[in-house]
Structure formats: structure tokens, C-alpha cells
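Thanks for coming. I will take a few minutes to walk through one structure, so please have the sequence and the 3D view open.

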Amino acid sequence: MKNYYYSQRFPTYANKPIANGYVMATHGCYITDFAMILSYFNNRPFYPDQILEFLKHKNYVLPDARVYNKGLEDAAGFKLRFDYNITPKPGEHIYGIRQVYFGPIGHWVIDHPIIPDKVIDPYDGQVKDFKEFSYTGQVRFFMGKQ
């Protein structure tokens, strides 16, 4: 399986507007996490600007730049399902998004779907040790199989 490491600050889409003056570079971590999950789930690239456009087109973006979790389910053709708890069915892959303390706003990282005890930080698209962050306790899980 390939690695799909994306940064919300990538020049091609860093300044793309999400909503009401919010842009990908500053508020696009969750959207970038969605892109990485879709890429791993389908084992092909699906870039943050693509998921942003999909979410906006389907009205899954809120005025404060947050997005509905149903947007990722929809983008995956409803082959992924959202839950606050890990409740996989046999054969399902599990993708976790965790909120971390990061400056004045919350930030979300994705559990690395291949390497245990690692996360992918959408701020810079780098793989980091799970222990590098202080977690808020907020976790979102998406489960499904192709």
C-alpha cells in the first residue's frame, strides 16, 4: 500500500477558502484528514482540494469551517461509516482522527493506518510519534471495507 501524506498548507490549495474567511492552511486539518482517509481506503490519491470541493458542493461545510462527518461517508460511497467508538464489523478497516492541543485552535491528526503508534499530522504532512502530541480526548472513527 502506498503512503498518502498531505499537508493542509500545500501551496496549491493552502489559500483555498473553506467558509467565511477560513482557508485550508489555517483551518483545513479535518478536511485534509478526510483526504488521507479516502486515499488509504481506496488506495489511490484523493487530494484535500478535491474533498473540499466535494464537501462544499454537497453542503457539508459549516460557516465556522467545520464539516459534517457524513461528508466523508458520502465521499466514500457510504462504504465508510462514522462512530465515536471503535465498533468494526469483520473485515473492516478502522481510521481514527484525534484532536490535539495545538495553539489557540483545535487541531486534528490521523492515526497512521499502516504504522502502529504513529500519526500523520496534516499541518505539515509528516509522520510523527503518537506521543509527540497532547490529546484532548476527542476521537472520531470511520470504519468500512471495499
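Helix 2 is mostly covered, with 13 of its 14 residues buried. Before going further, please keep in mind that this is a predicted model. The length of helix 2 can be checked: at 1.5 Å a residue, 14 residues should span 20 Å, and the end C-alpha atoms are 20 Å apart, so the two agree.

What does helix 2 give to the largest nonpolar core? The core has 33 residues, and those touching the most other members are I18, I31, F34, I37, I51, L55 and L80. At least two residues of this core come from each of strand 1 (17-19), helix 2, helix 3 (48-57), strand 4 and strand 5 (105-111). Helix 2 gives the most, with 10 residues. As general background, nonpolar side chains in soluble globular proteins tend to be buried together.

Take L55 as one member of that group. Setting aside neighbours within four places in sequence, L55 is in contact with I31, F34, Y60, V61, V67 and G71.

Now the rings. A pair of aromatic rings is described by the distance of the centres and the angle of the planes. Searching the whole structure gives 12 aromatic pairs. One of them is Y30 with F34, a tilted pair with 5.1 Å centre to centre and 55 degrees between the planes. Y30 and F34 are about one helical turn apart, because they sit 4 residues from each other in helix 2, which covers residues 29-42. Are these two residues, Y30 and F34, buried or exposed? Y30 is buried, and F34 is buried too.

The second pair I want to show is F41 with Y95. Their ring centres are 6.3 Å apart and the planes stand at 80 degrees; planes over 60 degrees apart count as edge-to-face, so this pair is edge-to-face. The pair links distant parts of the chain, since F41 is in helix 2 and Y95 is in strand 4 (residues 93-102), 54 residues apart. Both F41 and Y95 are buried.

Back to Y30 and F34 for a moment: ring pairs link them with F82, Y84, W108 and F142 into a cluster.

One last item concerns a charge and a ring. R9 lies over the face of Y123, at 3.9 Å from the ring centre.

To recap, helix 2 has 13 of its 14 residues buried, and helix 2 gives the most residues to the largest nonpolar core. That is where I will stop.

Note on methods: Residues are numbered from 1 along each chain as its sequence is written. This is a predicted model: local features need pLDDT of at least 70, side-chain atom pairs count only at pLDDT 80 or more; totals for chains, interfaces and linings use all residues. Side-chain values use heavy atoms; hydrogens and water are left out. Rings of Phe, Tyr and Trp (its six-membered ring) pair if their centres lie within 6.5 Å; planes under 30 degrees apart count as stacked, over 60 as edge-to-face and the rest as tilted. Buried means under 20% relative accessible area, exposed over 50%, partly exposed in between (1.4 Å probe, protein chains only). A charge sits over a ring if NZ of Lys or CZ of Arg is within 6 Å of the ring centre and within 35 degrees of the ring normal. The expected span of a helix is 1.5 Å times one less than its number of residues. A nonpolar core is a set of buried Ala, Val, Leu, Ile, Met, Phe, Trp, Tyr and Cys residues joined through side-chain atoms within 4.5 Å. Contact means heavy atoms within 4.5 Å.
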